[in-house]
Amino acid sequence: DRMITITMPPIEYEHAVPKISKISKSCIALTSGSALAHTDLCREVQTRISGMSAPTTKTIVDKIVGCYIEQRKRKIEEEILKSRGFEFDTFYPNLRNFPPEVGITIDSRIESFDFDLEILVVGVDESGGHIYQIDNPGTANCFDSLGYGSIGSGWHHAVYSLIANNYTSLVPLKDAVYLVYEAKKRAESAPGVGRDTDMCIITENDIKILSEETMRKLNEIYEKK
């Protein structure tokens, strides 16, 4: 979807720019959560793989995880440590010098800090198609065996739709395109999921965004069911 949600103050609106971030010629990142955090992260990953001729999806995921951990760490320093005159390199070596309740409280805040960013990485390389999900605090899980993944507030609606339709990676492409569209439409019943929809088909050499005409036809089929 294209919905942008800001909690403080509470704002929700459909943005004109798709939330599909192209990482390489055959890999994209879809994000949920912070509307700002993913921009620098994706740009940094693109820079780190720019010298590679054909990075695998797993290589890209490893780069994303590294950037995720680094940026989460930087945010923790800004919001928790620097106001107290510390950075990571100076806080933990001095932890034993704090009163126990102070050190434990700060350490607990660091451990529980939510970077508020979920990333779904979808790519195709010489070994086939791949789906990875990256969550706080920088953990990646592979969903290749399921053939699908979902993030955001409507994730369970989308997953239940795919399960109900017996979706697998063996489903023919035309059927797969419709079933994924239907799953997204089901997810719109969840708060924070917008109605504007972008879809793409990824091959080893290309990323093709589906046209507005194709999206209209998919919606016509959905409305008739």
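Is Gln-133 buried or exposed? In this predicted model, Gln-133 is buried, because its relative accessible area is 11%, and buried means under 20%.

**Around Gln-133**

Gln-133 sits in strand E6, which covers residues 128-135. Its side chain makes a polar contact of 3.1 Å with the side chain of Asp-135. Beyond its neighbours within four places in sequence, Gln-133 touches several residues. Among them are Glu-118, Ile-119 and Leu-120. Thr-139, Ala-140, Asn-141 and Phe-143 are also in contact with Gln-133, as are Ser-150 and Ile-151.

**Helix H4**

Helix H4 runs over residues 100-112 and has 13 residues. From first C-alpha to last, H4 reaches 18 Å, close to the 18 Å expected at 1.5 Å a residue. Its buried residues are Gly-103, Ile-106 and Ile-110. Seen down the axis of H4, these buried residues fall within an arc of 75°, so they line one face of the helix. What covers them includes helix H2 (57-81) and helix H3 (88-91). On the other side of H4, Pro-100, Glu-101, Ile-104, Glu-111 and Ser-112 are exposed.

Val-102 also belongs to H4. Val-102 is partly exposed, with a relative accessible area of 34%. Between Val-102 and Tyr-181 there are 79 residues of separation in sequence and 50 Å in space, C-alpha to C-alpha.

**Salt bridges**

Side chains of opposite charge can pair when their charged atoms come close. The whole structure holds 13 salt bridges. The table shows some of these pairs.

| Pair | Closest N to O distance |
|---|---|
| Arg-48 and Glu-70 | 2.7 Å |

The salt bridge of Arg-48 with Glu-70 links distant parts of the chain. Arg-48 is in helix H1 (residues 37-49), Glu-70 is in helix H2, and they are 22 residues apart. Arg-48 is partly exposed at 30% relative accessibility. Glu-70 is partly exposed too, at 37%.

Lys-75 and Glu-79 both lie in helix H2. They are four residues apart, about one turn of the helix. Lys-75 is partly exposed at 32%, and Glu-79 is partly exposed at 43%.

What about Glu-188 and Arg-195: is each buried or exposed? Glu-188 is buried, with a relative accessible area of 11%. Arg-195 is exposed, at 61% relative accessibility. Both residues belong to a network of salt bridges that also links Lys-184 and Lys-185.

How values were computed: Residues numbered from 1 in each chain as written. Predicted model: local features only at pLDDT ≥ 70, side-chain atom pairs only at ≥ 80, totals over all residues. Heavy atoms only, no water. Helix = DSSP H or I, 4+ residues; strand = E, 2+ residues; numbered from the N terminus. Expected span 1.5 Å × (residues − 1). Buried < 20%, exposed > 50% of the residue type's maximum accessible area, 1.4 Å probe, protein only. Arc of directions from axis to C-beta. Contact = heavy atoms within 4.5 Å. Polar contact = N/O pair within 3.5 Å; in protein donor to acceptor, adjacent residues only side chain to side chain. Salt bridge = Lys/Arg side-chain N within 4 Å of Asp/Glu carboxyl O.
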